[in-house]
Amino acid sequence: MLVKLLENKSVVVTGGSRGIGRAIAVEAARHGADVALNYYRDNDAGYGRKSAVDSVVDEIEALGGRVVVLEGDVADPATGAQLVAAAVQAFGKIDVLAANAGICPFHAFLDIPLETFRRTMEINLHGAFYVTQAVARQMKEQGHGGAIVATSSISALVGGGLQAHYTPTKAGLHSLMQSCAIALGPYGIRCNSVLPGTIATDLNADDLSSPEKLAYMKGRIPLGRLGQPLDIANVVVFLASEMAAYVNGAALLVDGGLFVNLQ
Ligand code: RM4
């Protein structure tokens with residue numbers, strides 16, 4: 001019997017059509033929440049005949065959850081406000097934000113295209129800043145607190161030779177949540193980050209298509225397997241729920257032991 005940890009909550013998820021964001025959206029619905037789901041172009045039919053968005057909407061509705069979908073580029077400051085308006089119009093409030101949207105176009109440092117660097121920064125960090133600010137303004141106005149969880153990464157703590165444009169954004173998200181925990185705590189708004197390790201998603205499908213890279217990563221993980229989006233979604237649901245009522249400014253590694261595994 002599932003104890004529903006987000007009963008009647010209104011949850012906003014960015015980057016919610018695939019990967020970790022999709023899992024967060026579905027698990028929030030499984031735990032009783034209504035979901036406002038943002039995505040951006042990420043809608044190819046990776047789920048059989050249906051588009052990614054149609055598929056996740058079906059899955060949420062099959063769980064009895066209400067869902068509203070809004071396409072928008074989080075790197076556009078207006079998207080955050082539009083997402084808030086859509087969620088409030090649909091559900092009357094916002095209780096939780098999963099600031100999840102992110103990209104990781106692996107690329108060598110010395111010759112990375114400027115646009116690749118800029119887009120990674122603008123989506124992963126600036127986008128999360130804009131959406132967090134828009135949602136926090138709504139939560140403050142509502143007057144009954146809330147919970148914000150950013151999808152940072154193990155890459156906030158360690159580097160990647162092909163990720164010099166990416167790891168700073170994840171470190172930035174970790175730091176953003178720490179500062180927001182201070183700024184928003186007086187309004188009863190808790191801010192925390194989840195730090196996934198290597199999770200099997202579209203983000204790293206190309207990178208891990210190399211048998212050598214896949215074997216290397218699995219070999220470094222004491223639990224002996226890559227993470228799955230559900231492994232992260234479960235922790236986000238916890239951090240968003242009243243079970244984490246006194247958790248504020250925290251960063252939770254969810255990596256199978258990858259970070260601590262030196263030898
Ligand atoms: C994570 C970590 C993983 C990588 C993904 C794309 O932060 O670096 O190893 O697969 O990003």
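1. Let me begin with Thr 132. Leaving aside neighbours within four places in sequence, Thr 132 is in contact with Leu 97, Ala 99, Ile 148, Met 177 and Cys 180, contact being heavy atoms within 4.5 Å. Thr 132 is found in helix H4 (residues 114-142); helices (H or I, at least four residues) and strands (E, at least two) are DSSP runs, numbered from the N terminus. Its relative accessibility is 2%, so Thr 132 counts as buried (buried is under 20% relative accessible area, exposed over 50%, partly exposed in between, with a 1.4 Å probe and protein chains only).

2. A word on the basis of these notes. This is a predicted model, in which local features need pLDDT of at least 70 and side-chain atom pairs count only at pLDDT 80 or more, while totals for chains, interfaces and linings use all residues. Residues are numbered from 1 along each chain as its sequence is written, and side-chain values use heavy atoms, with hydrogens and water left out.

3. Please look next at strand E2. Six of its six residues are buried, so E2 is largely enclosed by the rest of the structure. On one side sit Asp 34, Ala 36 and Asn 38, on the other Val 35, Leu 37 and Tyr 39, and all are buried.

4. E2 has partners to check. Four bridges join E1 to E2, and these strands run parallel; strands pair if DSSP finds at least two bridges between them. Val 13 has Leu 37 as its bridge partner in E2. From E1 the chain crosses through H1 to E2, a right-handed β-α-β crossover (clockwise from the first strand over the helix to the second, with the strands pointing away from the viewer). E2 is also joined to strand E3 (residues 67-71) by five bridges, again running parallel, and Asn 38 has Leu 70 as its bridge partner in E3.

5. Which residues of the largest nonpolar core touch the most other members? They are Val 35, Leu 37 and Ile 60, out of 33 residues. Such a core is a set of buried Ala, Val, Leu, Ile, Met, Phe, Trp, Tyr and Cys residues joined through side-chain atoms within 4.5 Å. Apart from this core lies another, of 29 residues, including Leu 83 and Leu 173.

6. Finally, the ligand. Residues around it (a heavy atom within 4 Å) include Cys 104, Phe 106 and Tyr 166.
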